[in-house]
Amino acid sequence: MQVVAKTPRIDVRVEGKGVKAFLDIVRKNIPNVQIIDDESQNIDEWDYYKEMKARLTPAKVLKIRRENAGLTQAGLAKKCGIAPTNIALMETGKRNIGIRSAKKLAKALDCDAGDFVV
């Protein structure tokens, strides 16, 4: 006996920066995909985003970026040439992140140095 079943729909909701790039990848890899709403929006203009961004300090951003990169404080210290104790102090906000340190951190974490300065 042979059974034919339709594949169920997959409902995926994507938000944030990079949605257009994500949709381009999906379209490339799944040629027959049906995208219901691909309206791109600039979240920088949303009140919610502005409020959340205002709450993020350079210290919090550093910790988030490091964790997202899968690095320990010691691992990041080794990768960027900053003492592990200084990384810990920067993440807790007990030490400011200077421009030279911000550049080193940005290079090690593959992001923009402006993420770490006010």
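Helix α6 is followed by D110, which has a positive phi near 55°; helices here are DSSP runs (H or I, at least four residues; strands are E, at least two), numbered from the N terminus. The model is a predicted one, in which local features need pLDDT of at least 70 and side-chain atom pairs count only at pLDDT 80 or more, while totals for chains, interfaces and linings use all residues. Residues are numbered from 1 along each chain as its sequence is written, and side-chain values use heavy atoms, with hydrogens and water left out.

**Exercise 1.** Determine which residues of helix α6 are buried and which face they line.

*Solution.* 
Step 1. Apply the accessibility classes: buried is under 20% relative accessible area, exposed is over 50%, and partly exposed lies in between (1.4 Å probe, protein chains only).
Step 2. In α6 (residues 99-109), the buried residues are S101, A102, L105, A106, A108 and L109.
Step 3. Viewed down the axis of α6, these buried residues fall within an arc of 165°, so they line one face of the helix; the arc is taken over the directions from the helix axis to the C-beta atoms.
Step 4. The face turned away from the buried side carries exposed I99, R100, K103 and K107.
Step 5. The buried residues of α6 pack against α3, α4 (73-80) and α5, where contact means heavy atoms within 4.5 Å.

**Exercise 2.** State how many salt bridges the whole structure contains, and examine pairs within one helix.

*Solution.* 
Step 1. A salt bridge requires a side-chain nitrogen of Lys or Arg within 4 Å of a carboxyl oxygen of Asp or Glu.
Step 2. D24 is partly exposed at 38% relative accessibility, and R27 is partly exposed at 34%.
Step 3. Another joins E51 and R55 at 3.0 Å, N to O. In α2 (residues 47-55) these two are four residues apart, again about one helical turn. E51 is partly exposed at 42%.

**Exercise 3.** Identify which helices the salt bridge between R66 and E91 connects.

*Solution.* 
Step 1. The closest N and O atoms of R66 and E91 are 2.4 Å apart.
Step 2. R66 lies in α3 (residues 58-68) and E91 in α5 (residues 84-91), so the pair ties together parts 25 residues apart in sequence.
Step 3. Both R66 and E91 are buried.
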